[in-house]
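Subject: Structure for you to look at

Hi,

Here is the structure I promised. Please open it alongside this note; my findings follow below.

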Amino acid sequence: MNSKGRKTYYLSRDWPFIPILLFVIGGFIWTLFDLFSDRGAVFHPILRFSGLFLSVVGGIIEYLVRLDLKEKSKFPTQSSTALLKVNKDHQLITDRLFRYIRHPLYASLFLQFIGWGIFCSSWYGLLLMGIALLFIIPRIQIEERMLVNEFGDLYKDYQKRTKKLIPFLY
């Protein structure tokens, strides 16, 4: 199904999903390994606290965004946002956090991944999760093509007045 019939799945074109998943899992495991071993770098406690703060803020943002997605775009579960798809009653969300950036969920993941790596004092974990974040850019491009296809000029206007990932910058 497509426009107005909805329930279109874009997994076949969502090639960045796999590298993101693999690098995040690898980075997460590596940061845990560094956290519980003597191998990890020893970041200054203030830096580590900053990493924890970034992770918590990212988690709060993710929770708020998922609430909006569940309420307004009719995503039935928290995990269903992993697939690039348009549901039958999908609505374009342009308020709350979406008023400032088009992809606050990806921004929240960025804060969480980087924060977690800093908190765990893990250079290699940071590197792996940073590589995962590089794959978010092509995924955003795929998702934006999907949304332009679905919402047309409404989404194009929304693109003109908001940034992609970082409020007021990018």
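How many salt bridges does the structure hold? There are four. Keep in mind that this is a predicted model.

**Salt bridges**

Arginine 139 pairs with aspartate 14, with the closest N and O atoms 2.6 Å apart. This pair links distant parts of the chain, 125 residues apart. Arginine 139 sits in helix H5, while aspartate 14 is in the loop between strand E1 (8–9) and H1. Both arginine 139 and aspartate 14 are buried.

Aspartate 68 bridges to arginine 96, and here the closest N and O atoms are 2.3 Å apart. Aspartate 68 belongs to helix H2 and arginine 96 to the loop between strand E2 (85–86) and H3, so the bridge ties together parts 28 residues apart in sequence. Aspartate 68 is buried, at 3% relative accessibility. Arginine 96 is partly exposed, at 42%.

Arginine 102 forms a salt bridge with glutamate 144; the closest N and O atoms are 2.6 Å apart. The arginine is in the loop between E2 and H3 and the glutamate in helix H5, so parts 42 residues apart in sequence are tied together. Arginine 102 is buried, with a relative accessible area of 9%. Glutamate 144 is buried too, at 7%.

**Core**

The largest nonpolar core has 30 residues. Leu69, Phe98, Tyr106, Phe113 and Ile136 have the most contacts inside it. Helices H1 (17–35), H2 (45–72), H3 (104–119), H4 (123–134), H5 (136–151) and H6 (153–161) each supply at least two of its residues. H3 gives the largest share, seven residues.

Look at isoleucine 136, in helix H5. Its relative accessible area is 3%, so this residue is buried. Tyrosine 106 is 30 residues away in sequence, but the C-alpha atoms are 7.4 Å apart. Beyond four places in sequence, isoleucine 136 contacts Ile20 and Tyr106. With that same exclusion, tyrosine 106 touches Leu84, Ile136, Arg139, Ile140, Glu143 and Leu165.

**Helix H4**

Which residues of H4 are buried? They are Gly125, Leu126, Met129, Ala132 and Leu133. These cover an arc of only 120° around the axis, so they lie on the same side of H4. Trp123, Leu127 and Leu134 are exposed on the other side. The buried residues pack against H1, H3 and H5. Serine 122 caps the N-terminal end, with a side-chain oxygen 2.9 Å from the backbone nitrogen of glycine 125.

Best wishes

Terms used: Residues numbered from 1 in each chain as written. Predicted model: local features only at pLDDT ≥ 70, side-chain atom pairs only at ≥ 80, totals over all residues. Heavy atoms only, no water. Core = buried A, V, L, I, M, F, W, Y, C linked by side-chain atoms within 4.5 Å. Buried < 20%, exposed > 50% of the residue type's maximum accessible area, 1.4 Å probe, protein only. Helix = DSSP H or I, 4+ residues; strand = E, 2+ residues; numbered from the N terminus. Contact = heavy atoms within 4.5 Å. Arc of directions from axis to C-beta. Polar contact = N/O pair within 3.5 Å; in protein donor to acceptor, adjacent residues only side chain to side chain. Salt bridge = Lys/Arg side-chain N within 4 Å of Asp/Glu carboxyl O.
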